[in-house]
Amino acid sequence: MRKPLIVYYSRKGENYWDGQIRSLPKGNTEVVAEMIADITGGDLFEIDTVQPYAAGYRDCVQQAVAEFRQNARPALKAYPDSLDGYDVIFVGYPNWCGTMPMAMFTFLEHFDLTGKRILPFCTNEGSGMGHSEQDLNRVCTGATVEPGLSIRGCQAAGSRDQVADWVKHLL
């Protein structure tokens, strides 16, 4: 098997974390994405929007809700040149508005994912995968979307065994 791609969106700075607002030096989804890269030897690609989200958590939530309601597709700073070298793509994101951040939709709709295996992972503080797996099935036409992994954000740093078990089960 060729090495996988781990594509993710993560928010550092102010986050909702175990019932309170905390400033995180690294986003929870990034922590899990790095674990997957270490376990699989895969390549990491971080999604970054042209227009940054607000630094404050509550302001960021308002932006995310507005994007969701508008079905927006925020512009991204960069894309990989191609996904041709990857059969397996891990897709990581925080649960925003019950699904992925709209920037993930921008990324996924940019590529033809036919024949790819999509392995979603989601960080959250109790809302699980939401309806993101259904959205992935809708957006990733021609791809196989595998059952996702939900990780509580406040437990991300200590989730390596859970992540490794999930990865080994799917690969």
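Predicted model: local features only at pLDDT ≥ 70, side-chain atom pairs only at ≥ 80, totals over all residues.
Visitor: Is Ser132 buried or exposed, and what is its relative accessible area?

Guide: Ser132 is found in helix 4, which comprises residues 132-139, and, leaving aside residues up to four places away in sequence, it touches Tyr93, Gly98, Thr99 and Met100. Because buried means under 20% relative accessible area, Ser132 counts as buried, with a value of 0%.

Visitor: With which side chain does the side chain of Ser132 make a polar contact?

Guide: Tyr93, Gly98, Thr99 and Met100 are the residues that Ser132 touches when those up to four places away in sequence are not counted. The polar contact made by the side chain of Ser132, at 2.7 Å, is with the side chain of Tyr93.

Visitor: Which helix gives the most to the lining of the largest cavity?

Guide: The structure holds one cavity of 30 Å³ or more, and about 40 Å³ of space lies in the largest cavity. Its lining consists of Ala64, Glu67, Phe68, Trp96, Cys97, Thr99, Met100, Pro101 and Met102, which divide into seven nonpolar, one polar and one charged. With three residues, the helix that gives the most to this lining is the one spanning residues 57-70, helix 2.

Methods. Residues numbered from 1 in each chain as written. Heavy atoms only, no water. 1 Å grid on protein atoms, 1.4 Å probe; cavity = no way out; pocket = protein on both sides within 12 Å on 5 of 7 lines; lining within 4 Å. Points joined across faces, edges and corners; volume = space filled by probe spheres on them. Helix = DSSP H or I, 4+ residues; strand = E, 2+ residues; numbered from the N terminus. Nonpolar A, V, L, I, M, F, W, Y, C, P; charged D, E, K, R; others polar. Buried < 20%, exposed > 50% of the residue type's maximum accessible area, 1.4 Å probe, protein only. Contact = heavy atoms within 4.5 Å. Polar contact = N/O pair within 3.5 Å; in protein donor to acceptor, adjacent residues only side chain to side chain.
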